Amino acid sequence: MRTTTGWQAVGPTALRRTSLERRDLRPDDIAVRVDYCGVCHTDLHALHAHDPRTEAPLTPGHEFTGVVTGTGAEVTAFSAGDHVAVGNIVDSCGVCAMCEAGQENFCHSFPTLTYGGTDRQDGSTTLGGYSREYVVRDTFAYPLPSGLDPAAAAPLMCAGVTVWEPLRSLGVGPGTRVAVAGLGGLGHLAVKMAVALGATTTVISRTQDKRDDARKLGAHDLIASTDTQQMATARDTFDVVIDTISAPHDLAPYLKLVAMDGTLSLLGYLGPVTVEAMDLLIGRKKLSSAGSGGRVATAEMLQFCADNSIAADVEVLPSSQVDTALARLRRNDVRYRFVLDMSDLD
């Protein structure tokens, strides 16, 4: 086994620095020195649900960038010194219909998650990127295109691909009218990508307070969801509404904004929802969702971001301040994504 240093959960709001074990390199593995790891709302949920007294150890982190330090005997795509990015999926069955379609994120036997997942060969629990080293199957690591800042690119591997997937599958491009509900870690990247794809893009936020931020991100307009007149005026306007709001909320006002034959894509809140059929019937509207992306889409997203100078707006903190980052994230006190600098684990 290989030994590294990382942050392990000791309760719902705290982590401690400790020694972690990584597997020895298999023939198709690479070892990655983790330089920057994003902090995701999923990490908060995982920590809150985890009981360190009865469950396997938990080390969060599933969006990171770093440098290859070692390769297995059969690896040809990477060499030591290469800059790479890793997302929230590190393996899949490879043979089901979804995997064969390049949608490993929908693997019928469930993809192996970067942390809290089950290794498909030895059954061990995967430990995430809040650590100095990660060992990953080579086909689930991605070359980091030159021109992308490694810290700002880390959130692309979760938040970025999560919004990229519906934007691409729904055919967003020139002439498309897109609204993005919620201007957080997901939402600000959805705005940047929709604008770069050529869509007329509007932000939907509770108030007008984020109008300047929306404009800086490239949005053409902002609608306050609490302003009944603005919402009424925008009825049946948007071909695609990307809903990144992470808390439970009423979907009806957002469905009313969807144009005829348009789609509301629910990305932020993935719990139970209630929808009136008439809100879909009137205008033949569609409700969909998405999550993460397959290998082809992830590589495509990274190259698109490099070509269009898109990266997350991040606040970088040393990994020793991970508890601070998580506490502030709970309060939504970040614009728009925390990233941990893991070099202090040396």
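Helices (H or I, at least four residues) and strands (E, at least two) are DSSP runs, numbered from the N terminus. The views below show a predicted model.

**View A. Lining of the second largest pocket.** Strand β8 (133–137) contributes four residues to this lining, the most of any element. The other elements that supply two or more residues are β2 (14–22) and β6 (89–91). The space in the pocket comes to about 350 Å³. Its lining has 22 residues, and those closest to the centre are Arg23, Asp119, Ser124, Thr126 and Val135. By residue class, the lining holds 11 charged, five polar and six nonpolar residues.

**View B. Nonpolar surface patch at Met278, Leu281 and Ile282.** These three residues make a patch of about 310 Å². Met278 belongs to helix α9 (residues 277–281). Its relative accessible area is 47%, so Met278 counts as partly exposed, between the limits of 20% and 50%.

**View C. Cis peptide bond between Arg335 and Tyr336.** Omega of this bond is about 0°. Tyr336 sits in the loop that runs between α11 (322–330) and β17 (337–341).

**View D. Positive phi at Ser292 and Ser309.** Most residues other than glycine have a negative phi. Ser292 has a positive phi of about 55°, and phi of Ser309 is near 55°. Ser292 is in the loop between β15 (286–289) and α10 (295–307), while Ser309 is in the loop between α10 and β16 (314–318). Ser292 is buried because its relative accessible area of 10% is under 20%. Ser309 is exposed because its relative accessibility of 69% is over 50%.

Note on methods. Residues numbered from 1 in each chain as written. Predicted model: local features only at pLDDT ≥ 70, side-chain atom pairs only at ≥ 80, totals over all residues. Heavy atoms only, no water. 1 Å grid on protein atoms, 1.4 Å probe; cavity = no way out; pocket = protein on both sides within 12 Å on 5 of 7 lines; lining within 4 Å. Points joined across faces, edges and corners; volume = space filled by probe spheres on them. Nonpolar A, V, L, I, M, F, W, Y, C, P; charged D, E, K, R; others polar. Patch = residues over 30% accessible without salt bridge, like charges linked within 9 Å, V, L, I, M, F, W, Y side chains within 5 Å. Areas by Shrake-Rupley, 256 points an atom, 1.4 Å probe, with all protein chains shown as cover. Salt bridge = Lys/Arg side-chain N within 4 Å of Asp/Glu carboxyl O. Buried < 20%, exposed > 50% of the residue type's maximum accessible area, 1.4 Å probe, protein only.
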